[in-house]
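Student: Could we go through this model together, so that I learn how each description is tied to its definition?

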Amino acid sequence: MPTLPMATTPFRHLFPSPHFPSSSLRFPPPYFASSLSGFTSRRLAIFYLGTAIPQSQLLGGKTSKLFRDEGNILEVATAGNMAQASTAVSEGNVLNWAKSDKRRMLHVVYRVGDLDKTIKFYTECLGMKLLRRRDIPEKRYANAFLGYGPEDSHFVVELTYNYGVDKYDIGTGFGHFGIAVEDVAKTVDLVKAKGGKVTREPGPVKGGKTLIAFVEDPDGYKFELLERGPTPEPLCQVMLRVGDLDRSIKFYEKAFGMELLRKRDKPEYKYTIAMMGYGPEDKSAVLELTYNYGVTEYDKGNGYAQIAIGTDDVYKTAEAIRLCGGKITREPGPLPVINTKITACLDPDGWKSVFVDNVDFLKELE
């Protein structure tokens, strides 16, 4: 099948989808403020990101190499990257640094078949706000950011619509998004009134007391509604299925610097879950990892894309991921034109994530 150049969160051209020809799907770079989209530099960046560019061009030369000398790790970068490259750090230091790095889940990215219809559902049924929207007709895609607060302080969704593609395969690996609401029954009634699909009526979670319900958006992405009091982060969960929970917990703790907030085994239902994140569940977005007994692989489909996470140093982040067995799919460094520093990776199950320099991210939102 043909290789697909993508351009979502500025690294998505590196993650091909086997289901569509290269001319049919595009992913816009989410770090451009809509008010700046008309400027030449932004348009030029979009041109770069919508094309399959070798990493050597993205990084301004040969991909940087790592050398180990007496237990130290030194990144030897090209001239274009030398100013941003981290100094030598020991293996122990880089892993400890991952824990102390200033990290936050920024947004989750996925594809939808009708952007207007999805925006309407999220704003009218789920209470989200449309934060910004951008249409790039010359690249045949559009995207929109929605959430419950500004992007510089809240976890949000990035929806991408590729011209002419009205349906995606969600697969079996992606689980659901979680939204905290003060009244589950009231929210479910609203979803029904708007013609939405309810797949699980309000009631206590299996083996617990928390009131929950499940609804589906127009593309079939599931949302778990959790009844909670007021929270600063209503968009509170992304659930992904994994084949080895202990392996995943170890990876996200060490490579991503996340904390294991809780782990719960349900042998009567043959699954175990682990909540991972950078803060308590009632105040921040978390990653819910689910292991179903005996299932080691899942079909990831072509709908869900990845999570973006903020970091103070993409170079150290990439090295920590390598040391923990993760796969770097985009070497750390600045993007063409806009100079936002990022690195992209896969976890042991192949789930994609991108780390974005915190300072650069805020500049792009200005």
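**Pockets, helices and a salt bridge**

Tutor: The largest pocket has a volume of about 630 Å³, where a volume is the space filled by probe spheres set on grid points joined across faces, edges and corners. Among its 24 lining residues, the closest to the centre are His176, Phe214, Glu224, Tyr271 and Glu288. The model is predicted, local features need pLDDT of at least 70, side-chain atom pairs count only at pLDDT 80 or more, and totals for chains, interfaces and linings use all residues. Residues are numbered from 1 along each chain as its sequence is written, and side-chain values use heavy atoms, with hydrogens and water left out.

Student: What makes a space a pocket, and what makes it a cavity?

Tutor: On a 1 Å grid over the protein atoms alone, a pocket is an open set of points with protein on both sides within 12 Å along at least five of seven lines, whereas a cavity is a set where a 1.4 Å probe fits but cannot get out; lining residues have an atom within 4 Å of a point.

Student: Why are H3 and H7 called roughly perpendicular?

Tutor: The axes of helix H3 (residues 91–100) and helix H7 (residues 314–323) cross at roughly 110 degrees and come within 9 Å. Angles of 65 to 115 degrees count as roughly perpendicular, under 35 as roughly parallel, over 145 as roughly antiparallel and the rest as oblique, and H3 and H7 are therefore roughly perpendicular to each other.

Student: How do you know that Glu124 forms a salt bridge with Lys194?

Tutor: A salt bridge needs a side-chain nitrogen of Lys or Arg within 4 Å of a carboxyl oxygen of Asp or Glu, and the closest N and O atoms of Glu124 and Lys194 are 3.5 Å apart. Glu124 lies in helix H4 and Lys194 in the loop between helix H5 and strand E9, so the pair ties together parts that are 70 residues apart in sequence.

Key
Axes fitted to C-alpha atoms, helices over the stretch in contact; angles between N-to-C directions. Helix = DSSP H or I, 4+ residues; strand = E, 2+ residues; numbered from the N terminus.
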